[in-house]
Every structure is written in C-alpha cells, then in structure tokens.
Amino acid sequence: MADYQTHEHDVLIIGAGGAGLRAAIEASRTGLKVGLVCKSLLGKAHTVMAEGGIAAALANVDDRDNWRVHFADTMRGGQYVNNWRMAEIHAKEAPDRVRELESWGAVFDRTPDGRILQRNFGGHRYPRLAHVGDRTGLELIRTLQDHGIHQGIDVHMEHTVVTLLKSGDRVSGVLAYERERGRFKVFKARSIVLATGGIGRAYKITSNSWEYTGDGHALAYDAGAELIDMEFVQFHPTGMIWPPSVMGILVTEGVRGEGGILTNKDGTRFMFGQIPDNYKAQTADNPEEGWRYCQGDKDARRPPELLTRDHVARCIVKEIKEGRGSPHGGVYLDIAWIKEKLPNAAEHIKRKLPSMYHQFKQLADIDITTEAMEIGPTTHYVMGGIRVDADTQMTTTVPGLFACGECASGINGANRLGGNSLSDIIVFGKRAGEYAAKFAQEHDAGSVDQAEVEEAARRALEPFERGAKEGSSAEGPYKVQYDLQEMMQDLVGIVRREDEMQRALEGLGKLWERAKRVAVHGHREYNPGWHTAIDLKNLLTVSEAVTRSALQRKESRGAHFRDDFEAKDPAFGSVNTVLRRGADGGMDVRLETIPEMPEHLKEVIKEMQ
Amino acid sequence: MKQATFSIWRGDAAGGKFQDYETDVEEGMVVLDAVHQIQATQANDLACRWNCKAGKCGSCSAEINGIPRLMCMTRLNALPLEKPVTIEPMKAFPLVRDLVTDVSWNFAVKKRIKKFKPRPPDAPDGSWRMAQDDIDRVQEFRKCIECFLCQDVCHVLRDHHKHEEFIGPRFLVYVAALEMHPLDTEDRLAELKEAHGVGFCNITKCCTTVCPENITITDNAIIPLKERVVDEFYDPLKSLWKFLRPKKY
C-alpha cells in the first residue's frame, strides 16, 4: 500500500478565492489548525476577476439605503426563490464585512467627505457598490490574502482535491494531488469547507478560467450532499465577442453604471422597449432621466440598461436573433457617448474604468473613450449549488461538510444581482469558517479509510494506464472537454427547450462513456492533460445537474428561460429543484417547497414594492 | 489559414530544449491562445500557468522573444511571425517544468514584511475618513497583479541572485503601499534598509518597463522609499542631533 504524505488540520478549506480566504481567516481566529488547499497560486482565484464592486447598504452615497432595501432588491432580482434567511443575513452583515476589509488595508474609492464611495449597479435601487475603479475583486482578494498570511494558516498551493473521504456519515479528510510533482497527499480534518467557485467551464463562451469545473459541487454530490437550483446559470450580458480569442472575457456592468448604453446596429437603445412590468415603476422611460440617475440624481430612475442581468442578456439575444446585431454577432455597448455630457469624458472613463480601457485597447484595438464596444452574453456564474443551512453554511446531509461562496446556493435565487457575489463570499465565508471551527471544536477527528484512499488514487491514475496501452480506443481529454462545452452552449444555454435538453442528456451519456476512455501521456509532474482528464468527471456531473434541473423547471424564471414555457408559473415560484444521488447511483431530481417567509420579511417586501 | 512557429522551452530542472510547434493563427490571437492550441492538439502535457486570460491575475508570466511579458496580453500581431516566436520560462526563479517556475520565494518574502497596522477608527461605526487625493498613489501600487515580471527582470535577482538580501521591486511596491497608506502606523524603515535591501536597487527602471499594470515602480515607489531611508538614517543634521541630545531622552 502506498504511503501518502499526510497533513492533519482541524479545519480544512478547499479553495482560496474570497470565500475560502475569508473562511480560513475566521477559522484561524479560534487558534485551531487551519489548512487551505487551492488549485492555483494564492491570489489568482476568480475573485480577482470581479470588477464592479461589493454590494453593501452602507448608505454613504444615498442615505435612503439600508438592509431592508438591499434584502428586497436581492429577493426581487432572484424572483423570490432565494433562501430568504440567507438574503436577510447577507443584507444585514455585508456593511460590517466591508468595513472590516478597510481595517485590513483595503483602499476603496472615496466620497468627497472621505467615506467609501458607492456606485450604481443593475437591480440595486440605490448606489450600493463599494469599489476600486473596476478592479474591486483584486482589492478584495489581495486584502484577504495579505491579512490571511499572518494568521498562521497552512496554505497548500497548486493542490487539487480528487475526493472527499468520509468516516460514517461525516467527512474526515480529502485525497488531493499536488500539481508540481503529481504526488497524492491525504489531508485529515474534523471539518471541511468547500469554497471552490463555479462551473463556467461547462460552457464554451465563458468568463471563467480553467479552474471553474464545478469541483466543489461534484465533490459534495459524490459525498452525499444535495445540490439545489442548478438550472439557474447566469449569462452575463456583456462579454467581449471580438476578436475570437477574447470571446467571453467579461466587460463589467460598471460600464453601464457609469452611463454606458446598449444599442443595436440601427443605433437604437433597444432596452427602453423591454422594461418588464414589475420594474416599470423604478426604471427611467427616457434617456435624459437615465443619464441623470447615473450622475447621482436621487429623483431620477435607473436606465433600463441597469435592469437585472438575466433580462438584459435575453434582450441582447433577441436583438441579435432578429437581425439587429453588430457585425460580429453582438450588440454595442457605448460609454464614449458621454462626451456629449461631460467636458473631460475620456479622462473620466479612464479613471472610472481603467482595466476596461486597458483590456479593449490591448486585446481588441478599441479605444472605449472614442468608440463603442461589441459585446454579447457570456457564461458567468451559477446561482445553484450545494445546499447549506443558512446560518451555519453546513451542508444539509453531510455533517462536518460546509460550503460557501459560489459553490453554495441559496442567496441568489433565480438570478444574482451584480455586486452580491463579493458580499456573499465575505459574509458567508466568515460564517462558514466560524461554524466549521465550532464543529471541529465539538467533534473528534474521524478516521480515514485506507482502502477508500487507494481506490480514489487508482481511479485518478487510470488515464495514464490507458495512455500507456497502444492501439486502444482512447482519446485526448481536451477533445472531450471541448465537445461538452460546445454541447452545453448549444443545448442548455440562454434559451432552452425540452427536446434540446433531452438531446443534451443523451449527449451527456455518450460523453460520460468517452470520459472513461480518456488517455493521457507523459509523467505526473505538472501535467495539464492529466488535470483536465481528472476534472472531466466534475464538469460532467455539474452539466448533468444543470440539464436535469432545467428539464424539471417547466417555466421561465430569472436566468432560466424556456422557449416552450415562456411565462413564469406561480406553481414553480414556491419551489426549489433538489438533486441528490439516488440509491441506483443515478441523479434524483425533486421539487421541494420553499419554507414560508416570516412576517417581518414579508412586510419588508411589501413595503419596498 | 495562416500558420506560425512557436519555439517553446520544454524540460525541467534537469535540463531541456526549445521545441518548435506550428499552429494556426487567427485575428486577435495572443501568445497564450497559441500555447493553449498547441497544448490541446500537439502537446497535452505542456505545462503553463494561467487563469483569467485578461491581464488581471498575473499567472501566465513568461519570456516572449526574450522579453518578460504576460502571455495573455501579448498580441501575435505585435510580434514578427516570419520567424519562430520563442517562449521560455522566467529566469529569476527555479524551473518546475516547461513554462512553469517555482515562485514560492515571493510568497515567503511577503510574509516577512510587517503587516498593515491602522490607526484607531475615525468614526464610531469603525470606519475611517480618507481623501481620494491621499490614496491615489496607494491605489496605483495596489493595482499590482503579482505577476512577478518585475522580479524576473531585476538584475539584482536575475543575475546576482540576491534573493536572500533583496526583496525585489514587487515587494518594494508592497512596502510603499503600506508606508504611504494614510491609515498605517507601522514603521518599516529599519527593515527596508537592512533586511529588505532597498539599497541594492540602482534605479535602472527595468521593472517599470515590464510592468503590465504600468505602475511607476521606480519613480513612485522605490525612490521615495530610498529617500525615507536616507532621511531616517543618513541625514547629517539628524545624526548630529542624535549624537548631541541629552542621553536621558
């Protein structure tokens, strides 16, 4: 039997984006031994890509803002299938978490009186996003990283978890491999926090990096946890579309927050014709009012470009489908037009949106201060994920296993508001760390089953065995991954239909078979082909989860839009889709009624109508 | 379709060589796209780091035609494609495999720098007041994506291997961001002079030239730090005062 290097921690965090780092910081406060395992180098996780800001009702710019408005906005944006308790905690605790970042060295942009500046964003009634130009995510992750490295956390960079190990019902550790040498390691822990982010790599056009293969979702599912609301995948309205090599790269909503407008090839601001009834009362009906809103006029209503992401993305798809798109199959996002309004517009744009300016200049030869950008929707975020208790973030079915951030689900419902992900990860990252530490203090270390370890390691090495065999029917991991991404994009994308999704299920069956035949060559040291092969299982698990959940929800709600059920169905308005591995090993999907909202929250919703 | 040749360094600490790969070239492609294409079709096990592919995470640092750059932000149309494009790993750090180097030294260095220590909050809710003008410079430094290209190009590290005595441009920028932070109350000048080795920098400004975030590393961070160290330790009037002042103080 192989003798794997073993690390023992009280609390083990998997993932070092904002959620994982915040969890690790909190857990380490108790003096427990905390380990942090991450796929990349520290500070490179996807949090770094977040641009626009952190949503928190600080009320620095508009004193009418408070947690109640933020809560109501989040629920409205999520079309009321959110976990209301999580939305409540989030809205209440976000301001403290943001101020805490400042005490750890974050340097947010300032108001004239020296407080944290807040900007407008889609679906938020008041300017609510604390930000640093358009690189807020970098500020957040660097602040947590620079604070965290002095907390005594053991960081294991470039390690990938292959499987969760269990002792009876509860988790007791993980098997991981280090990229550099390809060696397996066992990490024992009393409690484990999953903070692995999203699933964006299941799609071809995505703003997500190679890491976002649904690892946490799949690890938890395999360990017996429930996944909920996996049909809700957010397609961000504005991704780059030209040149081809940059397709999918994010263009921050901050562009629209600063006054950017969406136009079609005829120069029409098409969003004015697409305002849904439930947002009519709070949306501008003319360009002048929209501009005044972006300039901070408290009496003005927000421009329709700042409607929720699900809606804007669909309107863009409609424009393109109906032949009013731009030359490369998108629409225009124009911030340069504000030169009609501001004397020093070019400087203003460069100061407010420096990395957007840089990104377009360098990658597309476009100067956004003088010309419009071509954009189209890109896979961005998954609202669905691991089902957790709202207060503690512990999974509902696996004791000792916690989840937070994008891989957990509940706060966002059917559609996430921009800026709510950065606040989500610090609010619930903290809670996950706190309660995982509590669990570790109250429980002994579980045991690790060597046979389980051996079996997991053997399975992880199978692609090499197949690679060593000549003349087999093996194929490369990248080809299978590309085919999966292409299929999910085509058949389970922004607009969905029963027959297409049934075809996707069949396709997934074939891809599962192909994944079993994938072969890799070379040795185990820093071999991306091997890593891609191992990640395939996770990608396939989450793709199947998205497809099966989407088939179950026979209505259109939030990010989930069905061509064959175009309307919202009140019957689906009170249910979550819940997935769990069945006794036969297959994926069981069921609908579960959402617990009724308590009176005090109902009143908030009513008051904010 | 147009093709181009990429001469990519393959190997590990034990040795290796440049290997040529031909691949299709499309409009708008960056070097990282070419590397990915080669990885997917010809060399599945070609090792390289990357994450965001948008110049925000600083993972894909390499030397392209001999110049330290981010692979994701280097457009192919800015390179002469009639001859092979060479791509090799950073030189200032030990090699792991192919284009991947062991940058762990950087993480160890950062841990040695005294952390942020704010003054007490200005308001009862635990918040502070800072003017935008007072944080512009710190925000410039905090744009750093930790790609370590400045460390790679710095001759003190690259050629003279002073990793034990000099923290390099990245971490001088880091110290500068802390020292110039309006809320910070820590004093790092003694370390700057001794353990951090600010004196090793002789202002050739190579770091500023390669910085993908256009941080004015030398002029805005390193030179002011040098001045502060000089003021603290080498000011003749101050030294005289220290020498003459009554001992009881």
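The model is predicted, so local features need pLDDT of at least 70 and side-chain atom pairs count only at pLDDT 80 or more, whereas totals for chains, interfaces and linings use all residues. Residues are numbered from 1 along each chain as its sequence is written, chains are lettered from A and ligands numbered from 1 in the order in which they are written, and side-chain values use heavy atoms, with hydrogens and water left out.

**Chain B**

Chain B has 10 helices and 7 strands. Helices (H or I, at least four residues) and strands (E, at least two) are DSSP runs, numbered from the N terminus. Along the principal axes, the C-alpha atoms of chain B fill a box of roughly 80 × 45 × 25 Å. Of its 249 residues, 56% are buried. Buried means under 20% relative accessible area, exposed means over 50%, and partly exposed lies in between, with a 1.4 Å probe and protein chains only. Among contacts (heavy atoms within 4.5 Å) in chain B with a separation of 6 or more, 60% join residues 24 or more positions apart.

Helix 3 of chain B (residues 132–141) has the buried residues Ile135(B), Val138(B), Gln139(B), Glu140(B) and Phe141(B). These buried residues pack against helix 6 (168–179) and helix 9 (217–233) of chain B.

**Two interfaces**

The table sets out two interfaces. Buried area is the accessible area (1.4 Å probe) that two parts lose on being put together, summed over both. A salt bridge is a side-chain nitrogen of Lys or Arg within 4 Å of a carboxyl oxygen of Asp or Glu. Domain bounds come from an automatic or database domain assignment, which divides chain A into domain 1 (235–379) and domain 2 (450–593).

Arg75(B) and Asp365(A) form a salt bridge through their side chains, at 3.1 Å from N to O.

Within chain A, the centres of domain 1 and domain 2 are 33 Å apart, taken over C-alpha atoms. Phe235(A), Asp310(A) and Arg314(A) of domain 1 lose the most area to domain 2, together 70% of what that side buries.

**Strands of chain A**

Why is strand 10 of chain A described as largely enclosed by the rest of the structure? The reason is that 4 of its 5 residues (184–188) are buried. Strands count as paired if DSSP finds at least two bridges between them. Strand 10 pairs with strand 1 (residues 5–8) of chain A in the parallel sense over 4 bridges, and Glu8(A) stands opposite Lys188(A). Strand 10 also pairs with strand 9 (residues 170–178) of chain A, in the antiparallel sense over 5 bridges, where Leu175(A) stands opposite Val186(A). Strands 9 and 10 form a hairpin with 5 residues between them, and Gly182(A) there takes a positive phi near 75 degrees.

Another part of chain A is an open sheet of 5 strands with mixed pairing, in the order 19-17-12-22-23. Its edge strands, strand 19 (408–409) and strand 23 (587–593), each pair on one side only. Strand 12 (residues 227–228) and strand 17 (residues 385–387) of chain A pair in the antiparallel sense over 2 bridges, with Leu227(A) and Ile386(A) as bridge partners.

**A buried glycine**

Gly43(A) lies in the loop between strand 3 (34–37) and strand 4 (54–55) of chain A. Gly43(A) counts as buried because its relative accessibility is 0%. Leaving out residues up to four places away in sequence, Gly43(A) touches Val48(A), Ile141(A), Arg142(A) and Gln145(A).

**Nonpolar cores**

A nonpolar core is a set of buried Ala, Val, Leu, Ile, Met, Phe, Trp, Tyr and Cys residues joined through side-chain atoms within 4.5 Å. The largest has 246 residues, of which Val11(A), Met71(B) and Ile87(B) touch the most other members. Helix 16 (residues 528–552) of chain A gives the most to this core, with 11 residues. A second, separate core of 20 residues includes Ala87(A), Tyr381(A), Met383(A) and Leu601(A).
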